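Hello,

My notes follow below it.

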Amino acid sequence: MSPLPGGPFEAVRHAAKDDPSSKDAASARTPKDTHLPPLPADEASMSAQTRLQVLREMMAEAFLALDAQGTIHELNHRAASLLGLPFGACEGMTPWAAQPMLAGTTLHERLLDALATREPARFLSELPSGVWLELSVRPVGGETWVLATDITRRQRAENEVARTEERFRQLGERFQVALESAQMAVWETNLVTGQVFRSEGHDRLYGYPQPLEEWTHEQFLASLHPDDRPEVEAQVSAIFHNDVLSYSSTFRTHWPDGSWHWLISRSRVIRDANGKVMVVRGAILDITALKETEEALQEAVRTRDDFLSVASHELRTPLTSLRLQVDLLRRMSEARGDEPVGSEKVTVRLDAADRQLKRLAALLDNLLDVSRIRTGKLDFELVRGDLAPLVQDLVGRFADEAKQAGVELDMRVEGPAPCRFDKLRMEQVVSNLIANALRYGQGTPVHVALRQQDGQLRLTVRDGGPGVPAAERERIFQRFAQVQGSARTGGLGLGLYIVRQILEAHGGRVWVEEAPGGGAAFVVTLPVEGA
């Protein structure tokens with residue numbers, strides 16, 4: 001095969017022909033390679049074919065020349081080595097016939113395309129052996145020449161870079177998920193370049209669902225609560241005047257929706273050799289839920305302390321009165337030993353002592369009931385019955401107490417009230433509601449009504465007192481709750497909480513509303529038996 005005019009080896013051929021020192025140069029460049037053809041003693045008499053063959057073997061690239069049918073016309077040892085072809089025995093065969101492992105590869109498919117289209121092509125192909133080739137295909141005359149370079153090392157390096165980038169990308173995604181799950185973000189301010197970096201979730205911590213185009217220190221300061229801003233500004237200013245290496249800030253930030261959120265920022269200051277601030281970077285964490293929990297715990301502690309104070313007072317009051325009655329009885333016995341037990345004076349003292357003992361027992365029962373409710377051990381024995389006689393009986397029991405307090409107590413019961421209830425617990429409910437009306441009604445009439453309405457039993461205990469403010473109507477059913485601003489009238493703030501728990505166990509409800517004409521109306525509903 002002779003080189004074609006304008007082919008890639010034309011310059012070599014002219015140089016060998018025209019250079020008068022080509023004989024010496026050729027001798028100096030001839031490698032000691034067993035793949036090279038034997039050279040004649042007189043190198044000047046070398047044919048162009050031999051020169052081209054020597055050049056092909058000196059190439060680092062693999063070289064193939066295919067005819068129009070794709071059979072191998074010529075190849076060098078490098079091509080035979082890379083493609084696994086039997087050198088000297090594959091001419092006249094297609095590469096994939098000489099080496100079946102090449103069949104179906106990218107190399108096979110792209111060479112067939114080049115043979116069919118007679119268009120130049122460049123592509124990469126991985127051989128079954130794991131070798132990566134960069135191939136250049138070009139039609140030359142009636143042949144197709146193929147140059148292939150082994151780029152395995154380069155490709156493996158690129159693949160490793162791609163794998164490393166993918167690992168970093170996945171790590172970045174996982175880190176971002178971790179930041180978002182923890183409601184956390186990271187940021188960095190480069191004071192030298194003026195660049196500000198913030199992680200994806202940073203702006204969400206300030207109430208912006210989508211990232212802003214920019215985030216400035218002025219925007220940050222503007223979002224701060226007025227009470228927190230001076231301290232934060234002082235901390236930021238201190239890093240330029242002191243050798244501060246790190247600092248922590250806790251502050252409230254105002255969201256665009258008007259809400260306030262708590263954030264904590266821990267920052268690190270990076271300085272140059274002269275101590276000048278270069279970079280400040282940090283992490284921000286949303287601690288709103290933590291702050292709310294902290295406030296709830298503080299409120300619980302305050303509630304506990306208030307309860308202990310009230311409980312000690314409430315428990316001490318009947319005990320003090322009881323001790324006084326006992327002392328009076330002892331003095332009467334010592335002064336007048338002949339005073340009969342059934343005398344009016346003794347009876348009055350004993351009745352007073354009995355009332356205080358009942359009050360003390362009721363306080364202790366309430367404490368025990370709260371404990372049982374919390375542990376799920378408040379037992380109920382639900383039986384079918386008529387609630388009307390129970391209500392009538394309890395109103396009768398409170399008649400004397402109401403009379404002594406100068407309070408008019410009346411009742412209106414319409415027909416039977418069939419339902420399933422625990423007698424002792426329902427007595428506790430009705431008694432608590434009537435006692436509250438007598439206590440808080442400020443001497444106004446108390447009305448008790450029971451009737452069926454809309455398939456339910458409806459019990460109403462109403463007074464004409466100051467009533468319960470709308471903001472307090474749900475809170476008073478919580479443990480230890482007292483109406484805010486009301487005068488102390490006794491009790492631990494447990495009665496209504498227990499009432500609600502009992503009624504919910506019966507499938508009923510209780511709430512308070514404003515009574516007609518003013519005052520408070522406590523309403524109880526229970527399912528009618530069979531409804």
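What volume does the largest cavity have? About 70 Å³. A cavity here is a set of points on a 1 Å grid over the protein atoms alone where a 1.4 Å probe fits but cannot get out. Points are joined across faces, edges and corners, and the volume is the space filled by probe spheres set on them. The count is one cavity of 30 Å³ or more.

This is a predicted model: local features need pLDDT of at least 70, side-chain atom pairs need 80 or more, and totals for chains, interfaces and linings use all residues. Residues are numbered from 1 along each chain as its sequence is written, and side-chain values use heavy atoms, without hydrogens or water.

The lining of the largest cavity has 13 residues, taken as those with an atom within 4 Å of a point. Leu64, Leu83, Leu135, Val146 and Ala148 lie nearest its centre. Strand S1 (62-66), helix H4 (77-83), helix H6 (106-117), strand S4 (132-140) and strand S5 (143-150) each give two or more residues to that lining. Helices (H or I, at least four residues) and strands (E, at least two) are DSSP runs, numbered from the N terminus.

Now the sheet. It is open, with five strands in the order S2-S1-S5-S4-S3 and antiparallel pairing. Pairing takes at least two DSSP bridges between two strands. Strand S2 (72-75) and strand S3 (121-126) are the edges. S3 and S4 are joined by six bridges. Glutamate 126 stands opposite tryptophan 132 in S4.

Best wishes

Notes: 1 Å grid on protein atoms, 1.4 Å probe; cavity = no way out; pocket = protein on both sides within 12 Å on 5 of 7 lines; lining within 4 Å.
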